[in-house]
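Here is a briefing on charge pairs and surface patches. Please look over the sequence and structure first.

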Amino acid sequence: MSPAPAPEPRDPKPSLVFDDPLDQQSSDDTDRGWGERADGTGDSAADLKRFLDEKPPHHI
């Protein structure tokens, strides 16, 4: 009889994480992008474009 092959090492199972997911800050939990202008040049064409982009659909 031939000897039994040696067992291969198993990959470790991923551990369970019991952290509170609400303790972590998400990407939408910042003030970045709220009312900030991309540039401060005061260009009226850029202001009009921003106004038209942010206009609610019921104001069309």
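At 53% relative accessibility, Asp53 counts as exposed (buried is under 20% relative accessible area, exposed over 50%, partly exposed in between, with a 1.4 Å probe and protein chains only). This is a predicted model: local features need pLDDT of at least 70, side-chain atom pairs count only at pLDDT 80 or more, and totals for chains, interfaces and linings use all residues. Residues are numbered from 1 along each chain as its sequence is written, and side-chain values use heavy atoms, without hydrogens and water.

**Salt bridges**
- The whole structure holds 2 salt bridges (a side-chain nitrogen of Lys or Arg within 4 Å of a carboxyl oxygen of Asp or Glu).
- Asp53 pairs with Lys49, with 2.9 Å between the closest N and O atoms.
- Asp53 and Lys49 sit 4 residues apart in helix H1 (residues 44-54), so about one helical turn separates them. Helices (H or I, at least four residues) are DSSP runs numbered from the N terminus.
- Lys49 is exposed too, at 51% relative accessible area.
- Glu54 bridges to Arg50 at 3.2 Å, N to O.
- Glu54 and Arg50 are also 4 residues apart in helix H1, about one helical turn.
- Glu54 is exposed at 55%, while Arg50 is partly exposed at 25%.

**Nonpolar patch**
- Leu48, Phe51 and Leu52 make up a nonpolar surface patch (residues with over 30% relative accessible area and no salt bridge; nonpolar side chains, Val, Leu, Ile, Met, Phe, Trp or Tyr, are joined within 5 Å, like charges within 9 Å).
- Together they have about 310 Å² of accessible area (Shrake-Rupley method, 1.4 Å probe; for residues, only the protein chains shown count as cover).
- Leu48 lies in helix H1.

Note on methods
Helix = DSSP H or I, 4+ residues; strand = E, 2+ residues; numbered from the N terminus.
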